[in-house]
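Me: I am new to this structure and would like to go through its disulfides. Please show it first.

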Amino acid sequence: MRKSALLVIPLLLSLYVFIIQTAAQHNHPLDPLTKSEISHIRQLVLKSKLGSHKNFSFHYVGLQAPQKEAVYQWKDGLAPLPSRQAFVIARIPGETHEVLVDLSSDSVIYDKVYHGFGYPISTSDEDAKASEMVYNYPPFIRSIKRRGLEVEHVSCGGFSVGWFGEKKQGKRTVKIQCFYPNGTHNNFARPVEGITAVVDLDAMKIISYSDDKKIPVPKAEGTDYKLSSQKLPFGPKINPISIEQPKGPSFKVQGHIVEWANWEFHIGFDVRAGPVISTADVFDEEQGKFRSVMYRGFLSEMFVPYMDPTQDWYYKTYMDAGEYGVGLSASPLEPLNDCPRNAYYMDAFYAGADGEPVNISNAFCVFERYAGDVSWRHTRGIANSVITEVRPEVTLVVRMVSTVGNYDYIFDWEFKTNGAIRVQVGLSGILEMKASTYKNLDEVANTEIYGTLLAENTIGVFHDHFLTFHLDMDVDGIQNSFVKAMMKRVEVPGEESPRKSYWTVDRNVAKREEDAQILFDIKKPADLLVVNPHHKTKLGQEVGYKLLPNSIIASLLSLDDYPQIRAAFTNNNVWVTPYDYMEQWVGGMYMEQSHGDDTLATWTKRNRNIEKEDIVVWYTMGIHHIPYQEDFPVMPITSTSFELRPANFFERNPILKLWPMSPSNLPNCR
């Protein structure tokens, strides 16, 4: 008995030390998992019954965010940091397991087998093994030789297969397609068309193979984007440019908490969503305190369907967040080119297939942006004098770049001194291209090629990018309402005025979920507002924020098309739901081969109350992409964005007293 007691004491001491260390290294309840925490999670899971399986792999490891109430209690100084927990999705052959790990108690709380449709994100190890299988597969070798190519120069990759009406859950598979980057760094510009292998990821074997046509591989010449591969002349020429900050940056970063100007917010990281902005508060000079704006905001899903229904392309209807992981695909940022001087960089960590932590260096950068823009101005002539008041617009940007296959997505969360938050996503990288027999548009005639002829034997296929954001707005508190301020024309009767018409505003408060489902129509303009009916300005206006879209997009797929069933969350541009801790991913937890039975569209069928509730706004923006020759061989940035802007939140312009720039405050660099 004495010996057993002595053994328990070191265990208790080690647990106590771990809890103290965990609390000490975090400044915020929503801090992402650290390197040491991921290692500890791995140890706990491997020690459990699940970890005893030979073919065991980690597919998702992320912070299990504490309940919102606990976070706000901590934030208000009424409670300590909540316990740290992690949600793990793991696989053994034939089974998906959901595991909840409590780091504070050093224990696995539960291990449940998932029985629904869909699979988790495949691991990079699986994808690499699946892609390499074809290199030694005799039918594949014959196909490559038949095209006059050399196997050693072929590069292959795995692509998610989607879902097309199968009633039962299919095998966990990927489709392998290949490229011939011999002579270029741009493998996507040289597809080997017509060859597709299907690999069972659990059995790790090829279960299907097709080679249905022989199409020329596009030539390598003119496809490279690497600087060292370019030839003279270079240009257009611009002189080096840099923004100087003689007193240093105006922002402070403590852990993952950022303070800048009149903003305070938290930066998190998730392997699926990428950047997660939380507890965003803005300082109100008139009230002398910070006021809440948004509890959490992040990309929930990204739907990228290609418009080619042929056998080798019909399945290319990607869910980039749920099938590949936007955070998992984060690229290290390059100083001076991805981010300017005086940027602050932050690393991120995720769990590899073996559960070991993997570091993404420079995953985020934080910097102040000034591009000569104006925040407000006015000029007035009085007698023989002119009064001009103008203020510069300096903003704070949080940036992450995610390279999901061929595309590079630049995610910017931009904070403005006027209280606005602007979210912009830039698209660059390489188009997904299709090899063709056509060398000139004259040869195409009336043939449907499902895209644009970009170069000889090269088609850029038409496609969409839909990005749906989870915006948990807590405008000056948790209880909010959603208002449609609809503009409508009013006819002026009789001779009351020389005018024949004007427009006025009808304010409609959405009472239930169906009232807040909005598909944009330019003929029915409206301001979309999240208001706090319990807090009003001195003039009696409900304080609020409005959603300001930059562009209007809608899916053109039929509602009964299988990709659209999976992506039913894009049926509307805006949805509003009551806050539900479990509702984070608009397409469902498991997107790989999902059946569309756990989407935002299915949640909202309950038609729950959303008036004077804790509500979440889901907003979809995007781009219909018709490729053009300027997109080849690498795409210049094209962007889409939206803004969350104060609407009667402040008593007046919050940056009225902003200081103008003065030459005396800047260095003389001449």
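This is a predicted model: local features need pLDDT of at least 70, side-chain atom pairs count only at pLDDT 80 or more; totals for chains, interfaces and linings use all residues.

Me: How many disulfides does a search of the whole structure find?

Reply: The search finds two disulfides, a disulfide being a pair of cysteine sulfur atoms within 2.5 Å.

Me: Which residue is joined to Cys156?

Reply: Cys156 is joined to Cys178, with an S to S distance of 2.1 Å. The pair links distant parts of the chain, 22 residues apart: Cys156 lies in strand β5 (residues 155-159) and Cys178 in strand β6 (residues 173-179). Strands (E, at least two residues) and helices (H or I, at least four) are DSSP runs, numbered from the N terminus.

Me: Why is that disulfide right-handed?

Reply: It is right-handed because the torsion about the S-S bond of Cys156 and Cys178 is about 100°.

Me: And is Cys178 buried or exposed?

Reply: Cys178 is buried, with a relative accessible area of 3%. Buried means under 20% relative accessible area, exposed over 50%, and partly exposed in between (1.4 Å probe, protein chains only). Cys156 also counts as buried, at 12% relative accessibility.

Me: Now the other one: what does Cys339 pair with?

Reply: A disulfide joins Cys339 to Cys365, with S to S at 2.1 Å. Cys339 sits in the loop between α6 (320-324) and β15 (344-351), and Cys365 in strand β16 (residues 357-369). This link is left-handed, with -85° about the S-S bond, and both Cys339 and Cys365 are buried.

Note on methods:
Residues are numbered from 1 along each chain as its sequence is written. Side-chain values use heavy atoms; hydrogens and water are left out.
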